[in-house]
Structure formats: structure tokens, C-alpha cells
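Here is a short briefing to read alongside the model. Have the sequence and the coordinates open as you go.

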Amino acid sequence: MNRCIKIIVSLSILVSVVNAASTKPNILFIFLDDFGWKDTSYMGSDFYESPHLDRIAADGMVFTNAYSASANCAPARASLLSGQYTPRHEIYNVGTGPRGNSKYRRLQHVSGVDVLDTNIRTWAHQIQASGYKTASMGKWHLSGDPIPYGFDINIGGTHSGSPPKGYYPPHPNIPSLQGLPEDSYLTDYLSDQADAFIRENKDRPWLLYLTHFAVHTPLDAKKELVAKYESKEKGKLHDHVAMATMIQSVDDGIGKIQATLEEMGIADDTIVLFFSDNGGYGPATDMDPLKGYKGTYYEGGIRVPFFVKWPGVVKAGTRNETPITGVDVYPTLCEMVGADLPTGQALDGVSLVPLFGGQKTNLKERPLYWHFPAYLQSYAVTDEQRDILFRSRPCSIIRIGDWKLHQYFESGDLELYNLKRDIGEKRNLAKRNPEKAKELLAQLEAWRAEIGAPVPTSPNPDFDAKVEAEARSGKMKTRS
């Protein structure tokens with residue numbers, strides 16, 4: 001009898017998923033920039049405010065082990081749009097030039113490319129081809145224009161990684177952001193344009209990639225909100241006034257969009273996804289208990305907030321601890337709307353839809369990978385990285401189950417952590433558990449060989465060991 005009940009329940013859930021997909025649900029994909037794992041109230045911020053995001057998250061499924069596919073902007077976005085790990089699309093860093101002082105770099109970095117190959121079919125291509133109106137609003141960062149990558153509309157998207165001159169006009173070299181009133185705050189403007197797009201397309205299925213520049217630098221406070229946060233009691237975790245105003249601007253816009261969905265009677269026909277391109281900006285936020293920040297491959301640099309609200313499919317108030325990553329978004333979006341996957345194109349992720357509908361509570365254990373054959377120099381804080389000079393040096397990372405292994409190519413150093421027991425990556429177990437380190441290293445090396453991941457090996461002729469050693473001995477800089 002119990003088995004029959006389980007079968008009936010499973011079939012009922014499956015029917016719900018199929019029915020939801022067959023009605024061509026709208027997709028609102030909110031993608032933030034440099035937004036940390038704990039930068040929303042629902043994830044634990046004690047200063048930043050996000051009541052509208054909190055409400056949507058409460059109506060859906062929150063993933064606590066969600067990862068970006070890279071620790072900084074451009075490669076993370078390339079992986080998201082292509083569904084591929086970095087060695088396939090070859091965008092490894094922001095720009096292709098060397099980063100940091102040449103005298104500190106032991107190896108010649110792998111430059112890669114800085115434009116996403118237009119021959120790669122993105123999920124936007126696939127969803128557009130299935131009958132959706134598609135729009136990209138905000139940061140693009142993968143080429144001069146998102147239109148050739150499957151979008152019908154582009155507002156604000158160029159190769160720029162941050163809003164030129166800040167969040168208030170002028171915004172030079174962004175054609176779609178010209179002529180805005182001088183008091184127009186960019187985040188608010190993009191939210192207003194998103195709202196207008198939804199209203200204009202209420203009678204057809206749409207996908208909106210709302211990819212805010214916020215909260216990327218410059219930390220340009222929304223003026224009307226400064227007094228509120230200057231007078232607010234500081235939190236133990238967060239206290240940055242400008243960042244708080246930027247987050248509220250995002251949240252207020254999402255609240256307005258959600259109200260429009262409800263007003264138009266399409267809230268139940270709209271899937272909402274919320275994600276970030278990498279960890280938070282170290283000088284302004286903190287992901288504690290995670291170690292690291294944007295640019296590092298410790299958890300604080302790659303673990304990010306992620307939730308999905310899918311009315312009629314995802315049970316409200318659910319949390320999921322399955323490790324997932326940015327390359328999973330591609331097959332997930334396509335399955336959600338019934339779009340075909342591309343033929344003859346490798347995809348590295350898996351669809352998360354079985355988790356949403358409750359057919360599974362987690363996915364089969366699988367490895368997640370990161371590959372960064374480059375350098376990323378330090379910024380105003382250095383206290384949660386391997387050394388004072390670089391947020392990251394050339395490395396590869398693997399996580400499988402509770403275990404995570406870092407491999408650094410300059411020195412061959414290994415770092416092994418059990419994230420279940422040590423989420424802050426404080427106790428390197430590589431020497432205590434050499435068999436586990438060896439096992440994960442073999443798996444990581446086999447993956448690199450299979451995918452053709454380039455490993456830097458050529459010595460940098462400018463490297464000066466004495467100068468580097470003196471610089472490394474400097475005092476770590478912490479958050480003020």
C-alpha cells in the first residue's frame with residue numbers, strides 16, 4: 001500500500017512539472033554582480049535589507065551549496081551562458097593581459113580570449129528558438145552586444161564590466177543608456193525597463209535576463225537612502241552604507257516587478273531564478289563563516305546565493321544542500337520551458353528540474369570543477385587569500401561530496417578540506433589524509449586531460465624571487 005501511495009505521489013509531481021512546462025512559463029532570471037553568499041537578509045545579513053527577495057525566496061527553494069563556475073565576472077558569465085566550464089570557452093579572466101606585478105608571477109599565464117565565441121549556442125538561443133521573446137538588461141561583459149547570442153532586446157549590455165562613470169549619468173559608450181535624467185539611478189532604471197518589458201509582452205512567453213551591474217564597483221550609493229543606513233545600527237557581519245543602499249535599490253526594483261506580475265495575473269505563470277556571478281567584494285562585505293571573497297577560490301569567492309520560485313512545482317519554504325554550479329543553469333532553463341538542447345555542443349552541467357519537482361532530494365554525487373590558469377591581483381583587503389600579492393594564482397579546484405581539493409600550479413601545493421566539518425577551509429588535510437588528496441588530484445588531472453584544460457608551465461622571465469619574497473612578507477590588510 002505504501003509503495004502504491006509513493007508511486008501515485010511521484011506521478012502527481014511529474015504531471016505538475018510536465019504541465020508547468022507545457023504552458024510555457026515566463027522566466028525572470030535575476031543575476032547580480034559581486035553579490036555575496038550572505039548579502040541578503042534571508043541568508044543572514046545583519047545590516048543589508050532585502051525584504052522582497054526574502055519573500056520570493058520563501059516562496060521557493062533555496063540552495064545553500066550553489067556555486068558560480070568562476071571567482072570573477074567574465075568567465076563566470078561565459079560559463080553561465082554557454083553551459084561550459086572555462087577550458088571549453090577559454091574565457092579565464094577579465095581581459096587577456098597579465099594581472100599583477102610581473103616580478104611576482106612565477107609563470108606565464110594562459111591568456112585565453114575575452115569574447116564569447118558566437119558559434120556557441122547559448123540557452124537564450126535555444127529558448128528564443130522555442131518561441132520566447134528574450135531580453136538582456138544590464139551587464140553583459142562577453143562582447144560588444146548580447147543580441148547575437150539569442151536576445152531580442154538589449155538595454156545596457158556592452159563589453160564593459162562596470163557602469164562607466166558610476167550609477168548616475170552619464171554612462172559613456174553605452175548607447176542604450178544615453179539621455180537619462182541626471183538623478184536617474186542605474187539600478188532603478190533597469191528595473192523600470194524590466195517592468196515595461198513584462199507589461200509589453202504579457203500575451204506571449206518571455207525570458208528576461210535581468211543582469212544588474214549592482215553591486216559591482218564603483219560603490220556608488222543611492223543618494224536618497226544614505227541617511228537611512230548612516231543612522232542604522234551597524235551589524236557584526238555587515239556595515240557598509242553604500243553597499244546597503246545598492247542592495248536596497250536592487251530589492252526595491254524586484255518588489256516592483258513582483259507587484260506587476262501579480263497585478264497582471266501572471267505571477268503563477270512566471271519562474272523566478274536568483275543568482276550571483278561570484279563571491280562578494282571583499283572591502284565592502286563578508287561571507288563569514290566562508291573564507292575568501294571575489295577572486296579567490298575559497299568558498300567565499302565562488303559560493304553564492306541561488307533560489308528558484310516555480311509556482312505549482314517548487315514547494316514553498318524548501319532548502320536544498322545539493323552542490324550545484326553555474327553550468328547547470330543551461331540545461332535547467334531549457335527543460336523548464338521545453339526548449340531543445342543544442343546538437344553537437346558539449347554541455348557540462350545537469351538539469352536541476354528533478355530537484356524542483358521533488359522527484360529527487362539531491363542529485364547523484366558528482367565532481368564540480370574550476371580551472372583558473374591566470375593571476376588575479378590583490379585589492380584593498382588580503383586577509384582571506386593564500387598570500388598578500390594575489391587573490392588567486394594559477395590553480396584548479398575539484399569538489400566532490402564534502403571534499404574539496406585546491407591545486408596550485410606555481411608550487412604544486414595542495415589544499416584539502418572537508419567542507420562538512422570545516423566550511424571555513426581553516427584546516428588543510430592534504431598531509432593528514434594523503435590518500436584522499438591523491439584520489440581527488442587524480443580525478444582533477446583526468447578531467448583536465450579530457451577537457452583539454454591548459455596548464456601554465458612556462459617560466460616568467462620577469463619573475464624576481466627576492467622581490468617577490470620581500471613583498472610577500474608584508475602585513476596582511478584586513479577589513480576596516
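Which helix lies across β11, β14, β15 and β16? Helix α12 (residues 434–451) does, and α12 runs at about 65° to β15 (403–408). This is a predicted model, in which local features need pLDDT of at least 70, side-chain atom pairs count only at pLDDT 80 or more, and totals for chains, interfaces and linings use all residues. Residues are numbered from 1 along each chain as its sequence is written, and side-chain values use heavy atoms, with hydrogens and water left out.

**The sheet**
- An open, antiparallel sheet is built from four strands in the order β11-β14-β15-β16; strands are DSSP E runs of at least two residues, helices are H or I runs of at least four, and both are numbered from the N terminus.
- β11 (368–372) and β16 (414–418) are the edge strands, each with a single partner, so one side of each has no neighbour in the sheet.
- Neighbouring strands are turned by 10° against each other on average, direction ignored; axes are lines fitted to C-alpha atoms, for helices over the stretch in contact (heavy atoms within 4.5 Å), and angles run from 0 to 180 degrees between N-to-C directions.
- Five bridges join β11 to β14 (residues 395–400), where strands pair if DSSP finds at least two bridges.
- Phe 372 has Cys 395 of β14 as its bridge partner.

**The cores**
- The largest nonpolar core has 56 residues; such a core is a set of buried (under 20% relative accessible area, 1.4 Å probe, protein chains only) Ala, Val, Leu, Ile, Met, Phe, Trp, Tyr and Cys residues joined through side-chain atoms within 4.5 Å.
- α8 (241–263) is among the elements giving two or more residues to this core, and α8 gives the most, with eight.
- Leu 208, Leu 210 and Phe 307 have the most contacts inside this core.
- Not counting residues up to four places away in sequence, Leu 208 touches residues including Ile 27, Phe 29 and Met 137.
- A second, separate core of 45 residues includes Trp 310 and Met 336.

Definitions and conventions:
Buried means under 20% relative accessible area, exposed over 50%, partly exposed in between (1.4 Å probe, protein chains only).
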